[in-house]
Amino acid sequence: MVYLKIIVIMFATVNITTAQWTPFPFYTGSGGSHRSPHKYYFKNTGNNANTGLDSSSNAWADVGALNNFTAVAGDTFLFKGGQTFTGQAYVSFRCNWTSNWILMSSYGGSRATITLGSGATISLVGTKNIIIKNLNFEGSYDWIANTGGTINDKGFQLNGRGNYIIDSISVTKLRGYAFYAAGLTNSNLVIKNSVFFNNGLGVIYAQFITRRDSIIIRNNHIYNFSGDPAVSFGGSTIGFSGGHGLLVERNLIHNSGILSPSGPALVYTFDWSDVHIRYNEIYGVHCANGATDGDCIDLDEDTDSSIVEY
């Protein structure tokens, strides 16, 4: 396998520092808030015609209230714990690279659940610093029977520049990717303390168009990804292409690819620099119909300056 050759070559040349894996503080950027930040509340008895500005009489009813909404730095979006919310949204941001985070989370002591529909459930566009925390996301996909949903379904689509922290969420029954990012520039992403299970294609697929990025995937449990008969390498749970700076550590990743026409790689990079994969437990790669080329870890073409350690 070319994977083995890459490891031998790169072990002698890598020079990764601890500071490199600290994706904050922020870059300085243009733009800024055009109003004061607010807290917005969602509950099942709400109404999308409301202001959303309190949890009693003015709460919104579902995710659709955010469609074509413009958020500013410091905004907070809170979903009532124990309730389930539907809808899709295209959210733009007017934020500069300050320490004012936008938060999407639950309130009331337990997690809310957001239903994953067709396409991207929530598209995040523009410069932003955003935390998504303490939420459950659930689709309609049956990962054994390969029914329900489509391969184009996504939890979140990430566009533009951003600092993203994904913390303590769960994603299940999604046929596509939980996070899909195409054309990110100068972005930082942390996914940690989360569970992804009984899904289709993968946790994240990201393509970057700059070399000034930092990605951390830490302390997650990722398992039971089917792949898809129509998608080569489907079930490759973590995949990145065309960027710089990736740390994958202390994750448990297993049992993926049972429907993939060609074997998946559970952690996969292509054309990526400075990858550090360490202290993970990764096993259970499956290939449908006798397919070959399944890998637990695959540092593929044009990946350089990288380390894999246990």
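Predicted model: local features only at pLDDT ≥ 70, side-chain atom pairs only at ≥ 80, totals over all residues.
Residues are numbered from 1 along each chain as its sequence is written, and side-chain values use heavy atoms, with hydrogens and water left out.

**Exercise 1. Find the largest cavity and describe its lining.**

Start with the term: on a 1 Å grid over the protein atoms alone, a cavity is a set of points where a 1.4 Å probe fits but cannot get out, and lining residues have an atom within 4 Å of a point. A volume is the space filled by probe spheres set on the points, which are joined across faces, edges and corners.

- Step 1: counting cavities of 30 Å³ or more gives two.
- Step 2: the largest one has a volume of about 40 Å³.
- Step 3: its lining is made up of L116, F137, G155, F156, V171, L174, A178 and F179. Strands β11 (154–158) and β14 (177–184) are the elements that give two or more residues to this lining; a strand is a DSSP run of E, at least two residues, numbered from the N terminus.
- Step 4: sort the lining, and you get seven nonpolar residues, one polar and no charged. Here Ala, Val, Leu, Ile, Met, Phe, Trp, Tyr, Cys and Pro count as nonpolar, Asp, Glu, Lys and Arg as charged, and the others, Gly among them, as polar.

**Exercise 2. Do the sorting again for the second largest cavity.**

- Step 1: the volume of the second largest cavity is about 30 Å³.
- Step 2: look around it for L66, F77, V91, F93, I102, M104, L124 and I130. β5 (89–94) and β6 (102–107) each give two or more residues to this lining.
- Step 3: the tally is eight nonpolar, no polar and no charged.

**Exercise 3. Classify the aromatic pairs F69–F77 and Y177–Y205.**

Rings of Phe, Tyr and Trp (its six-membered ring) pair if their centres lie within 6.5 Å; planes under 30 degrees apart are stacked, over 60 edge-to-face, and the rest tilted.

- Step 1: the whole structure holds 16 aromatic pairs.
- Step 2: F69 and F77 sit 5.7 Å centre to centre with 85 degrees between the planes, so they are edge-to-face.
- Step 3: Y177 lies in β14 and Y205 in β17 (residues 202–208), so the pair ties together parts 28 residues apart in sequence.
- Step 4: F69 and F77 also belong to one aromatic cluster with Y40, F42, W60, F79 and F85.

Methods
1 Å grid on protein atoms, 1.4 Å probe; cavity = no way out; pocket = protein on both sides within 12 Å on 5 of 7 lines; lining within 4 Å. Helix = DSSP H or I, 4+ residues; strand = E, 2+ residues; numbered from the N terminus.
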